[in-house]
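Me: Please take a close look at a single part of this model. Then put that part into its surroundings, in plain terms and with the cut-offs stated.

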Amino acid sequence: MRELILAYQRRVAGFAYAITGRSDSVEDLAQMVFVKMARALDRLKAPEQFESWLFRLARNTCIDHLRRQKLRRIFTPFAPEHENVPEPAGAVDSEELDALRHALAQLRPKDRALLSLVQEGRSHAEIAETFHTSVAAVKARLHRAREQLRQHYHSDET
Amino acid sequence: MKPEHEAWASLREHAASLITPGFPDRVLRAARARPSPLFVAHFAMCAATAALCLAAVAIYQSGVSGDDATNQAGWSEIAAQANELDQGQ
């Protein structure tokens, strides 16, 4: 189990950061994902689908986290200055990363997850399996998400 | 797409740097701990609140019905006295 966590911790952290865009929640989210993994690993029927399963777990955990945050803000409205707290100083040290973070923030969380999985080098078939959808649907959504990302990324750069 | 690729690489690097040493051990400790009975706790809280509300309504209702009985008895007495007076005239 320890080896599995060590092998995947960097990738899961990157995935969580791409979806949430917040440095301060990455480690907590990664921990939640691996705790769920550790508790449910016995129930995984097809070990060859481990990666798809793990990233589905990660995607659902991150999207649930964002939903809970949104819901909490309905009941506890934040003051405008607390709504978008900037990343702590030194947390984001490159302009490219900052531009990508801002561009990703304009996309839907599901599209961020999709793009992040592609960057992981996962095939369309694997992504379709992770998202429980068809390869054609993945291709269509990916095309749209890439276009949107490119637009926002380049508008941030200029 | 080249600059985007570099940005993705730095995003992954940055995210990986956020994982502090000892992470696997912390995860394993948390996984071994019993999951918090969140649902049971919420259910118990709802049940306790409902029981409290019902008890408050019951107490209020018993107080009101006691007053009603007293008032009814008072009015019956007054009505009887009024009848007696009417018959006497």
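Reply: Helices (H or I, at least four residues) and strands (E, at least two) are DSSP runs, numbered from the N terminus. On that basis, A30(B) lies in helix α2 (residues 23-32) of chain B, and this residue is the place to start. The model is predicted: local features need pLDDT of at least 70, side-chain atom pairs count only at pLDDT 80 or more, and totals for chains, interfaces and linings use all residues. Residues are numbered from 1 along each chain as its sequence is written, while chains are lettered from A and ligands numbered from 1 in the order in which they are written.

A30(B) is partly exposed, with 15 other C-beta atoms within 10 Å. (Buried is 20 or more such atoms, exposed is 12 or fewer, and partly exposed is in between; C-beta atoms are placed from the backbone.) Leaving out residues up to four places away in sequence, A30(B) touches Q31(A) and V35(A); contact is C-beta atoms within 7 Å.

Q31(A) and V35(A) are both among the buried residues of α2(A). The 18 residues of α2(A) should span 26 Å at 1.5 Å a residue, and the end C-alpha atoms are 27 Å apart, which agrees. (The expected span is 1.5 Å times one less than the number of residues.)

The contact takes 28 residues from chain A and 21 residues from chain B. On the side of chain A that touches chain B, the elements giving two or more residues are α1, α2 (23-40) and α5 (95-105) of chain A. Of these, α1(A) supplies the largest share, ten residues. By class, this side of chain A has 17 nonpolar, six polar and five charged residues. (Ala, Val, Leu, Ile, Met, Phe, Trp, Tyr, Cys and Pro count as nonpolar, Asp, Glu, Lys and Arg as charged, and the others, Gly among them, as polar.)

Helix α1(A) also packs within its own chain. α1(A) and α3(A) meet at an angle of about 35°, with their axes 10 Å apart. (Axes are lines fitted to C-alpha atoms, for helices over the stretch in contact, and angles run from 0 to 180 degrees between N-to-C directions.) On the α1(A) side, this packing uses Y8(A), V12(A), F15(A), A16(A), I19(A) and T20(A). Facing them in α3(A) are L54(A), F55(A), A58(A), C62(A), H65(A) and L66(A). This contact of α1(A) with α3(A) has ten nonpolar, two polar and no charged residues.

A further partner of α1(A), residues 2-20, is helix α6(A), residues 109-119: their axes come within 8 Å and cross at roughly 145°. F15(A), A18(A) and I19(A) of α1(A) make this contact with P109(A), R112(A), A113(A) and S116(A) of α6(A). The residues here divide into five nonpolar, one polar and one charged.

Helix α3(A), residues 50-75, has 26 residues and reaches 38 Å from its first C-alpha to its last, close to the 38 Å expected. Its buried residues are S52(A), W53(A), L54(A), F55(A), A58(A), R59(A), T61(A) and C62(A). What covers the buried residues of α3(A) includes α1, α2, α6 and α7 of chain A.

One loop residue of chain A stands apart from this packing story. H132(A) is found in the loop between α7 (124-131) and α8 (135-157) of chain A. Phi of H132(A) is near 55°, a positive value in a residue other than glycine. H132(A) is exposed, with 8 other C-beta atoms within 10 Å.

Chain A has eight helices and zero strands, and of its 158 residues, 30% count as buried. Among contacts in chain A with a separation of 6 or more, 70% join residues 24 or more positions apart. Chain B has three helices and zero strands, and 9% of its 89 residues count as buried.

Last comes confidence. The model scores ipTM 0.73 and pTM 0.65. Chain B has a mean pLDDT of 84, and 91% of its residues reach 70 or more; pLDDT is the predictor's confidence in each residue, from 0 to 100. Within chain B, confidence is lowest in helix α1 (residues 2-17), at a mean of 78, and highest in helix α3 (residues 38-88), at 88.

Conventions
Contact = placed C-beta atoms within 7 Å.
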